Amino acid sequence: MSFREDNEEGRDLRKPFLHTGSWYRLGSRQSIIMGSSQSIRESSVSVLACVLIVALGPIQFGFTSGYSSPCQDAITRDLRLSVSEFSVFGSLSNVGAMVGAIASGQISEYIGRKGSLMIAAIPNILGWLAVSFAKDYSFLYLGRLLEGFGVGVISYTVPVYISEIAPQNMRGSLGSVNQLSVTIGIMLAYLLGLFVEWRPLAVIGQRGTLPCLFLIPGLFFVPESPRWLAKMGMTDDFEASLQVLRGFETDITSEVNEIKRSVASGSKRTAIRFAELKQKRYWFPLTIGIGLLGLQQLSGINGVLFYASIIFEDAGLSSTSIATFGLGAIQVVATGISTWLADRAGRRVLLIVSSSGMTASLLTVTVAFYLKGFVPEGSDMYAFLGIVSVIGVVGFGASFSLGIGSIPWVIMSEILPMNIKGLAGSTATLANWFVAWLVTMTANLLLRWSAAGTFAIYTLVSAFTLAFVCLWVPETKGRTLEEIQWSFR
């Protein structure tokens with residue numbers, strides 16, 4: 001039975017929400033006539049352009065994450081919210097993201113990666129409008145839930161799409177652009193929060209991060225994931241999509257055959273039985289994916305980002321907003337370094353360095369806050385310990401961004417087999433957002449209880465993450481997706 005016939009049923013049931021269009025084939029014919037000799041360069045530019053367009057989604061993701069910190073005082077004052085009520089507001093984006101994560105796998109499987117991103121932009125726009133016009137906590141909470149739903153879909157779809165279109169020698173770097181965009185969005189929220197009140201800032205969240213102005217129209221000009229098209233049995237579209245991504249003069253025969261073999265070797269059913277998850281080829285990569293994404297959030301990063309102003313205030317800083325923006329800027333730089341190193345040093349090395357730095361930084365913050373309880377307030381030692389704690393928090397943010405922030409998403413999108421990627425990927429993303437909700441909901445209350453105790457908990461989690469990476473996580477640098485997934489058999 002042919003590759004096309006094997007997937008005929010899937011083709012009838014599932015079609016791309018946004019068709020790639022015939023311009024690929026036209027471009028291919030024109031390039032042959034012109035005799036272009038710049039195939040490698042064309043490939044890099046084409047893939048990079050696609051990544052930059054879909055990376056507008058994670059900028060919205062980051063803006064949502066960073067919005068709470070600079071706006072906490074103003075929102076609680078204007079709407080008369082208590083600490084616990086604002087904690088609910090901060091955490092509701094994670095609740096919405098959990099719902100989005102549950103839906104993201106099936107949405108992206110049925111209508112494609114591009115269609116999923118277009119759908120995700122709509123609740124983001126509506127959510128920011130609800131927040132900007134909120135008169136009490138009801139609209140505030142509703143808007144935060146809608147924003148979270150869009151973010152949940154984006155957080156799964158973007159890294160999967162990037163991993164499926166990127167050549168193996170660029171996959172780590174291009175995959176890390178996802179987290180780079182998130183940190184840029186966080187930094188923008190911190191920066192604009194210095195000058196803009198919370199209601200106008202919410203309007204900027206709807207327009208300034210450009211999900212509707214650039215992301216939606218941009219999706220009409222990028223190809224659908226060739227691996228998804230292959231899985232759906234759309235052979236002609238699959239080959240056309242891959243050809244434009246690799247360059248019109250590039251011989252894609254070998255890659256086409258490898259993808260076809262991978263799809264053909266997978267289950268012909270659209271779903272697998274639960275009992276089959278006991279096979280190592282399924283449970284091992286799923287355990288790694290869920291473990292990395294869960295531990296990423298258990299480190300406390302969302303608590304630090306959402307309530308950075310409180311942390312810096314407890315450390316004794318007067319200009320907490322500027323310090324918070326500085327933290328965001330350092331994260332952008334560190335994530336940029338991670339993007340550059342992902343295909344050079346390797347994913348596993350970056351994870352080990354990152355988790356080691358996080359453990360050391362969090363331990364520093366824990367000790368500094370603990371000792372401050374025994375030092376007279378206003379003394380030189382008290383001020384010195386405040387500086388040490390700030391350095392530790394900044395070091396934690398930088399270390400997180402160097403590896404743990406971006407690499408788990410890259411690895412998750414690389415190691416999951418195609419026939420369970422929708423279910424397994426959305427499960428791993430759900431775990432990430434559930435833990436993020438738990439951390440965000442409790443961080444503010446824990447910090448009010450004991451800053452030292454809070455950071456001690458996060459220190460232990462980071463130390464466990466280091467052990468988890470050393471014992472379980474494989475290196476995926478320089479291997480095709482098909483090679484990585486075959487290694488778990």
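## Aromatic and charged contacts in a predicted model

Phe284 is a buried residue, with a relative accessible area of 15%. Please keep in mind that this is a predicted model.

Let us start with the rings. Across the whole structure, a search turns up 13 aromatic pairs. In one of them, the ring centres of Trp283 and Phe284 are 5.7 Å apart and the planes stand at 85 degrees, so this pair is edge-to-face. Another pair, Phe434 with Trp437, is tilted, with 5.9 Å from centre to centre and 35 degrees between the planes. Why are Phe434 and Trp437 separated by about one helical turn? Because they are 3 residues apart in helix α21 (residues 421–449). Phe434 is partly exposed at 41% relative accessibility, and Trp437 is partly exposed at 25%.

Ring pairs also join Trp283 and Phe284 with Phe468 and Trp472 in a cluster. Elsewhere, Arg144 lies over the face of Phe89, at 4.8 Å from the ring centre.

Now for the salt bridges, of which the count is 11. Three of them are set out here.

| Salt bridge | N to O distance |
|---|---|
| Glu109 and Arg113 | 3.0 Å |
| Glu414 and Arg171 | 2.6 Å |
| Arg347 and Glu414 | 2.6 Å |

Glu109 and Arg113 are 4 residues apart in helix α6 (residues 83–132), so about one helical turn separates them. Are these two side chains buried or exposed? Glu109 counts as buried at 3% relative accessibility, and Arg113 is buried at 0%. Both belong to a network of salt bridges that also links Glu164, Lys231 and Lys421.

Glu414 takes part in a salt bridge with Arg171 and in another with Arg347. The pairing with Arg171 links distant parts of the chain, from helix α20 (residues 407–415) to helix α8 (residues 171–193), 243 residues apart. The pairing with Arg347 also links distant parts, this time helix α18 and helix α20, 67 residues apart. Glu414 is buried at 0% relative accessible area, Arg171 is buried at 2%, and Arg347 is buried at 0%.

Helix α18 (residues 347–372) also holds Val367, which counts as partly exposed at 40% relative accessibility. Together with Leu363, Tyr370, Leu371 and Phe374, Val367 makes a nonpolar surface patch of about 520 Å².

Methods: Residues numbered from 1 in each chain as written. Predicted model: local features only at pLDDT ≥ 70, side-chain atom pairs only at ≥ 80, totals over all residues. Heavy atoms only, no water. Patch = residues over 30% accessible without salt bridge, like charges linked within 9 Å, V, L, I, M, F, W, Y side chains within 5 Å. Areas by Shrake-Rupley, 256 points an atom, 1.4 Å probe, with all protein chains shown as cover. Salt bridge = Lys/Arg side-chain N within 4 Å of Asp/Glu carboxyl O. Helix = DSSP H or I, 4+ residues; strand = E, 2+ residues; numbered from the N terminus. Buried < 20%, exposed > 50% of the residue type's maximum accessible area, 1.4 Å probe, protein only. Phe/Tyr/Trp six-rings, centres within 6.5 Å; stacked < 30°, edge-to-face > 60°. Lys NZ or Arg CZ within 6 Å of the ring centre and 35° of its normal.
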